[in-house]
Amino acid sequence: MASYLITGGAGFIGSHLADALLAAGHRVHVLDDLSTGRRGNLPADACLTVADVNDDAALDAIAADGLDGCFHLAAVASVQRCNEEWVATHDVNLRGTISVLEAARRFGFPVVYASSAAVYGDCDRLPLREDDAPTRPLTAYGADKLGSELHARVAGVVHGVSTFGLRFFNVFGPRQDPASPYSGVVSIFADRLARNEPVTIHGDGGQSRDFVYVGDVVRALVAALRKADVSAPVANVCTGRATTVRTLAETLATLTASTAAISTGPARTGDIRHSLGDPGVMAHALGVTADVSLADGLGALLSHA
Ligand code: UD1
């Protein structure tokens with residue numbers, strides 16, 4: 001049995017990881033301020049500390065238990081909120097990462113952390129490859145994720161801390177909150193169409209994304225801890241398959257037998273046209289491929305609603 005910390009563990013991705021680690025017989029500490037995460041997402045045997053990720057005393061108290069690794073997922077994930085509350089979200093999204101890396105330095109454990117496809121910005125050389133695509137974020141969120149990768153390098157070179165950064169593409173699955181207008185498109189469409197309510201496509205619906213199922217993301221997270229290194233490697237977490245927003249809406253309408261309207265509205269300002277990752281590094285470095293098809297993943301999401 002090993003002992004792990006998941007920051008942001010009461011959130012969408014973190015709670016699925018907690019389930020998997022507990023099912024494998026490990027001890028799971030969760031550090032979460034419950035700003036967007038929910039206690040109800042967590043299984044009873046996870047050990048929850050309600051605190052900010054920059055709360056050093058809380059981090060120290062957990063680390064003193066003897067950690068075998070940390071999965072750092074705590075972040076303000078709303079791109080819109082990061083642009084509006086620039087300084088406050090920077091405190092969580094970059095300083096929070098440094099706080100975790102600092103604890104790792106003092107207590108000597110490896111860190112797997114969530115980066116994002118947002119580090120690429122709007123690059124038209126697709127599919128996006130880690131060693132080839134330029135990193136030019138277009139949002140405060142993306143800039144802080146890229147900053148996290150840079151500090152992970154510092155953690156390795158200067159402090160000998162092993163890390164692995166995962167650039168998540170469009171993750172979907174059960175427990176993703178559909179409530180905010182800035183929630184992921186899959187959770188919004190699934191929630192509304194399941195209730196036979198209309199959905200709006202921003203723009204012509206021809207924009208595409210690489211939608212990856214949360215179960216596959218959890219397998220990548222677990223594999224990355226074994227591969228964490230002082231060279232601070234990073235890998236895309238993606239499928240390599242593009243789906244247009246219109247196809248997504250139509251697939252969900254079929255799966256939910258919805259008769260509600262799928263209408264189009266104005267395109268979202270700054271919306272990226274196509275985002276598609278190359279899953280090669282994920283396959284070779286981590287030995288993980290995203291096996292769950294969009295239809296199967298959407299089916300799993302709808303059956304948990
Ligand atoms: C996603 C990530 C974001 C990351 C970015 C990196 C999510 C929730 N967000 O943003 O954290 O920075 O990738 O590239 O995973 N749409 C509609 N109707 C709706 C809602 C959305 O048509 O009601 C469209 C959007 O205009 C967009 C697409 O669906 O074209 C995907 O939107 P969204 O799920 O918000 O994700 P990204 O913008 O790709």
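**Close-up views of a predicted model**

**View 1. The loop that holds P127.** P127 sits in the loop between β5 (111–116) and α5 (140–159). Look here for the cis peptide bond joining L126 and P127, with omega at about -5°. Helices (H or I, at least four residues) and strands (E, at least two) are DSSP runs, numbered from the N terminus. Before we go on, a word on the model: it is predicted, so local features need pLDDT of at least 70 and side-chain atom pairs count only at pLDDT 80 or more, while totals for chains, interfaces and linings use all residues. Residues are numbered from 1 along each chain as its sequence is written, and side-chain values use heavy atoms, with hydrogens and water left out.

**View 2. The shell around the ligand.** The ligand is surrounded by 18 residues, each with a heavy atom within 4 Å of it; V185, H202, R209, R268 and D271 are the closest. The shell residues divide into nine nonpolar, six polar and three charged. Here Ala, Val, Leu, Ile, Met, Phe, Trp, Tyr, Cys and Pro count as nonpolar, Asp, Glu, Lys and Arg as charged, and the others, Gly among them, as polar. Both α6 (185–194) and β8 (199–202) supply at least two residues of this shell, and β8 gives the most, with three. Domain 1 (3–170 + 211–237) and domain 2 (173–210 + 241–272 + 293–303) each contribute at least three residues; these bounds come from an automatic or database domain assignment.

View 3. A polar side-chain atom of D271 lies 2.6 Å from an oxygen atom of the ligand. Polar backbone atoms also take part: one of V185 is 2.7 Å from a ligand oxygen, and one of H202 is 2.8 Å from a ligand oxygen. The protein covers 87% of the 740 Å² of accessible area that the ligand has on its own. Accessible areas come from the Shrake-Rupley method with a 1.4 Å probe.

**View 4. Two sides of helix α2.** In α2 (residues 56–63), the buried residues are A58, L59, I62 and A63. They lie on the same side of α2 because they cover an arc of only 130° around the axis, taken from the directions from the helix axis to the C-beta atoms. The face turned away from this buried side carries the exposed residues A57 and A61. Buried means under 20% relative accessible area, exposed over 50%, and partly exposed in between (1.4 Å probe, protein chains only).

**View 5. Two sides of helix α10.** L294, G297, L298, A300 and L301 are buried in α10 (residues 294–303). Their arc around the axis is only 155°, which puts them on the same side of α10. D296 and S303 are exposed on the other side.

**View 6. Two residues with positive phi.** R175 has phi near 80°, a positive value in a residue other than glycine. You will find R175 in the loop between β7 (170–172) and α6, partly exposed at 32% relative accessibility. N196, also not a glycine, has a positive phi near 60°. N196 belongs to the loop between α6 and β8 and is partly exposed, at 41% relative accessibility.

**View 7. T36 and R226.** T36, in the loop between β2 (27–32) and β3 (47–50), is exposed with a relative accessible area of 63%. R226, in helix α7 (residues 214–227), is exposed at 63% relative accessibility. R226 and P110 are 116 residues apart in sequence, and their C-alpha atoms are 9.0 Å apart.

Terms used
A polar contact is a pair of N or O atoms within 3.5 Å; within protein, one must be able to donate a hydrogen and the other to accept it, and residues adjacent in sequence count only if both atoms are side-chain atoms.
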